[in-house]
Amino acid sequence: MIEVKGAHRLSPAEREVLRLRVVAALESGRVVGYRQAAEVFRVSERSVGTWWRAYRRDGRDGLATRGGRPGPAELIGPGDRGTVFEAMAAYTPEELLIGGPLWTRQATVELIRLVVGVDMTEQGVGLWLRRHGFTPQRPARRAYEQQTHPVQPGGVGGRVDQLDAIGRAPGPDLGFAMR
């Protein structure tokens, strides 16, 4: 019996060699039928049948490893990609008026649409970002450093008292909203 670790774990070149070996065994008569070939080479009967039919139809070219998916490799070229990444590094979505303070998939979709003119889905942008080394991050919900000294009455360094005095000075009424 021939030792084959799961065919899905083989490199494309090793898979092509496996296909050639299966077809050669079927053609020479060393194995009889798809079932025996599948058992000997530890692949599925369906794969053996697909490989055999491709070989009979197209010869050895039918067993060649195909390239990736058809169509353009990427919607965004290297030059535009650099422009998008520079914009993400230099500005926040808030500064570009397309979102909040952090870059999200939705904000990145808008940036790509504005800069490159390509419409992408949020899922597509997530995959595109991951392909280029970006990973999702959640902002920290806690402070990294703790203040060891207690806060003085009247605010930090008496500044609240100063602001309070300014607020009471005659002049226009100012309103502040707190969240």
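**Pocket lining and helix packing**

Q: Which helices each supply at least two residues of the lining of the largest pocket?
A: α5 (105–115) and α6 (122–131) each give at least two residues to that lining. Helices here are DSSP runs of H or I with at least four residues, strands are E runs of at least two, and both are numbered from the N terminus.

Q: What kind of model is this, and how are residues numbered?
A: It's a predicted model, where local features need pLDDT of at least 70, side-chain atom pairs count only at pLDDT 80 or more, and totals for chains, interfaces and linings use all residues. Residues are numbered from 1 along each chain as its sequence is written, and side-chain values use heavy atoms, with hydrogens and water left out.

Q: OK, back to the pocket. Which helix gives the largest share of the lining?
A: α6, with four residues. The lining has 15 residues, and W103, T104, T135, P136 and Q137 lie nearest the pocket's centre. A pocket is an open set of points on a 1 Å grid over the protein atoms alone where a 1.4 Å probe fits, with protein on both sides within 12 Å along at least five of seven lines; lining residues have an atom within 4 Å of a point.

Q: How much space lies in it?
A: About 500 Å³, taken as the space filled by probe spheres set on the points, with grid points joined across faces, edges and corners.

Q: And the lining by class?
A: Eight nonpolar, five polar and two charged residues. Ala, Val, Leu, Ile, Met, Phe, Trp, Tyr, Cys and Pro count as nonpolar, Asp, Glu, Lys and Arg as charged, and the others, Gly among them, as polar.

Q: Switching to packing: what angle do α4 and α5 make?
A: About 130 degrees, with the axes of α4 (residues 78–90) and α5 10 Å apart. Axes are lines fitted to C-alpha atoms, for helices over the stretch in contact, and angles run from 0 to 180 degrees between N-to-C directions.

Q: Why are they called oblique?
A: Because under 35 degrees counts as roughly parallel, over 145 as roughly antiparallel, 65 to 115 as roughly perpendicular and the rest as oblique; α4 and α5 are therefore oblique to each other.

Q: Which residues make that contact?
A: T83, V84, A87 and M88 of α4, with T108, L111, I112 and V115 of α5. Contact means heavy atoms within 4.5 Å. Those residues divide into six nonpolar, two polar and no charged.

Q: How do α1 and α3 cross?
A: At roughly 80 degrees, with the axes of α1 and α3 (residues 45–58) coming within 10 Å, so they are roughly perpendicular to each other. L18, R19, V22, V23, L26 and E27 in α1 meet V48, W51, W52 and Y55 in α3.
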